[in-house]
Amino acid sequence: MTVCILGAGGWGTALAAMLGLHGIESVLWARRPELAAELEQMRENRSYLPGVRLPPAVTVTSDLSAALSDQAWALLTVPSVGIPELLENLPRELGVVLCAKGLAPDGDRLSRLAQQMGFGRVAVLSGPNHAEEIGLGLPAATVIASSDAEWAAQVQAALMTPSLRVYTSPDVVGVELGGVLKNVIALAAGLIDGLGLGDNAKAAVMTRGLREMGHYLEAQGAQAQTVYGLSGLGDLVATAGSVHSRNRAAGEAIARGEHVQQGGKVVEGIRTAGLLNTWAQSHGHELPIVRAVARVVAGDCTPTQGVAELMGRRAKEEG
Ligand SMILES: NC(=O)c1ccc[n+]([C@@H]2O[C@H](COP(=O)([O-])OP(=O)(O)OC[C@H]3O[C@@H](n4cnc5c(N)ncnc54)[C@H](O)[C@@H]3O)[C@@H](O)[C@H]2O)c1
Ligand SMILES: O=P(O)(O)OC[C@H](O)CO
């Protein structure tokens, strides 16, 4: 079989390269013909994943219908802002595996958006998976979540290789939102790094951040234990502590007073922080770290003021 991957940024390229390393064929769709041509020719995605070779088993195209030819399902690896438009252009009978770690424009889950748009088979793929490492074939684990267990098992079998261990889960909400929220907490961890506040502060922000993730996941109907799995705690650890993470690096850059460019490599946590903060305020929930990050990235307070606000919250039980 040929795995269909829609989106030729770092993540789509890494998945194609990893499958190719193990002799599994894939077709990688890039929206821009010039990027597709460059990838086909150079066998490397120098803009989004430099240093990772595209094995011969990877075919690149900018023709969406050609990429979808004879495909029962596809991995959607474009950033969350591009998902609505991409879904619009896909046949509703296609099984869609959402790989973006962000939210729909109205703050809802992308998997719910796909269902509302009429897709019958919807899954999410999420876990501690830096493209830079997956693309080189370094060992990693991830989770495919869908309410359709039989189909999830098919996708699991298609993606499982000696370098990627794929688990299934029925908890779409929990797996999807773990990957979404960890980006905001990783941004907070980057702010701590950039301010030079030390390991204790970073441990505090990650641990209290995990609690916020759990609070939000439960409010959205996720299973309680999912936040402690690969897509929650696992991805938080991988992202908040990584040299590869764009979210952590963005926090560090903001704390140093640098401008974070939007439009290059995607930093999902920036947009997510605002959407989650709006939700928390309108629904009367406390997500203090999310709120602090949202305020900092919106320019409503400085990183130092954000930390002071968190430290000055009322005394309470850990819970
Ligand atoms: N990079 C990683 O390590 C990684 C791992 C797991 C999940 N993710 C998630 O995957 C998603 C994509 O991340 P990435 O790292 O591949 O991004 P990236 O910044 O490397 O590349 C984004 C790519 O998407 C393209 N694009 C942008 N808008 C588009 C649209 N409307 N339609 C089609 N293509 C569009 C861009 O041209 C570019 O090729 C994000 O939600 C990210 O959180 C990334
Ligand atoms: O580079 P980031 O911060 O978008 O993180 C990439 C992946 O989500 C890590 O699992």
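How many of the eleven residues of helix H10 are buried? Ten of them are buried, so H10 is largely enclosed by the rest of the structure. A residue counts as buried if 20 or more other C-beta atoms lie within 10 Å of its own, as exposed if 12 or fewer do, and as partly exposed in between, with C-beta atoms placed from the backbone.

The model is predicted: local features need pLDDT of at least 70, side-chain atom pairs count only at pLDDT 80 or more, and totals for chains, interfaces and linings use all residues. Residues are numbered from 1 along each chain as its sequence is written, while chains are lettered from A and ligands numbered from 1 in the order in which they are written.

**The sheet and its helices**

Helices (H or I, at least four residues) and strands (E, at least two) are DSSP runs, numbered from the N terminus. Eight strands form an open sheet with mixed pairing, in the order S5-S2-S1-S6-S7-S8-S9-S10; two strands pair if DSSP finds at least two bridges between them. Strand S5 (58-61) and strand S10 (164-169) stand at the edges with a single partner strand each, so one side of each is left without a neighbour in the sheet. From one strand to the next, the twist averages 25 degrees. Strand S1 (residues 2-6) pairs with strand S6 (residues 73-76) in the parallel sense over two bridges, and Ile5 has Leu75 as its bridge partner in S6.

Helix H7 (residues 149-159) packs on the sheet, touching S1, S6, S7, S8, S9 and S10, and its direction makes about 175 degrees with that of S10. Helix H8 (residues 172-195) lies across S8, S9 and S10 and runs at about 40 degrees to S8. Contact here requires C-beta atoms, placed from the backbone, within 7 Å; axes are lines fitted to C-alpha atoms, for helices over the stretch in contact, and angles run from 0 to 180 degrees between N-to-C directions.

The buried residues of H10, including Leu230, Asp235 and Ala240, pack against S8, S9, S10, H8, helix H9 (199-219) and H11.

**The two ligand shells**

A residue is near a molecule if its C-beta atom, placed from the backbone, lies within 6 Å of it.

Ligand 2 has 14 residues around it, with Asn129, Asp235, Ser245, Arg246 and Asn247 nearest. Two or more residues come from each of H8, helix H10 (230-240) and helix H11 (246-255); the largest share, three residues, is that of H10.

**Annotated positions**

An unreviewed UniProt entry lists nine positions under "binding site", among them Trp11, Arg31, Ala131 and Arg246. UniProt positions are given in the numbering used here, feature names are shortened, and annotations may be inferred rather than shown by experiment. The listed residues are spread over 258 residues of sequence and also in space, up to 22.6 Å between C-alpha atoms.

Trp11 is found in H1 and is buried, with 26 other C-beta atoms within 10 Å. Leaving aside residues up to four places away in sequence, Trp11 touches Thr77, Cys99 and Ala131. Arg31 lies in the loop between strand S2 (25-29) and helix H2 (33-42); Arg31 counts as partly exposed, with 16 C-beta neighbours inside 10 Å.

How values were computed
Contact = placed C-beta atoms within 7 Å.
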